[in-house]
Amino acid sequence: MALKIRLQRHGNKNRPFYHVVVTDSRNARNGRFIEKLGHYDPAPVESLIELQADRMAHWYKVGARPSDCVASLLRAKKIDITKM
């Protein structure tokens, strides 16, 4: 099973809100997930990013790899899950 740490879209039209989740890469974008690791709200003047870095590091060690969008969120928060 190929695990991914990726965004799951929620919210209304033109007002997105994202959950950061661990899921099997074959699942649909908003489909079943294993664990919720945080959320991201791009709407405010300064984007709101809440992440559980310790749980992300755990899933990275198990084999989950972050998507490009999640990797950019980690860089924005200055979190390096590979060294935790």
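I began with histidine 19: leaving aside its neighbours within four places in sequence, I find it in contact with Arg6, Leu7, Gln8, His10, Lys36, Gly38 and His39; contact means heavy atoms within 4.5 Å. The model is a predicted one, in which local features need pLDDT of at least 70 and side-chain atom pairs count only at pLDDT 80 or more, while totals for chains, interfaces and linings use all residues. Residues are numbered from 1 along each chain as its sequence is written, and side-chain values use heavy atoms, with hydrogens and water left out.

I placed histidine 19 in strand E2 (residues 15–24); strands (E, at least two residues) and helices (H or I, at least four) are DSSP runs, numbered from the N terminus. Histidine 19 counts as buried because its relative accessibility is 16%; buried means under 20% relative accessible area, exposed over 50%, partly exposed in between (1.4 Å probe, protein chains only).

I next looked up E3 and E4. Strand E3 (residues 35–41) pairs with E4 in the antiparallel sense over four bridges; pairing requires that DSSP find at least two bridges between two strands. A hairpin of six residues joins E3 to E4, and aspartate 41 stands opposite leucine 48 in E4. In strand E4 (residues 48–51), I noted Ile49 and Leu51 on the covered face, Leu48 and Glu50 on the uncovered one.

Last, I examined methionine 56. Leaving aside its neighbours within four places in sequence, methionine 56 is in contact with Ile5, Val20, Leu37, Leu51, Val70, Leu74 and Ile81.
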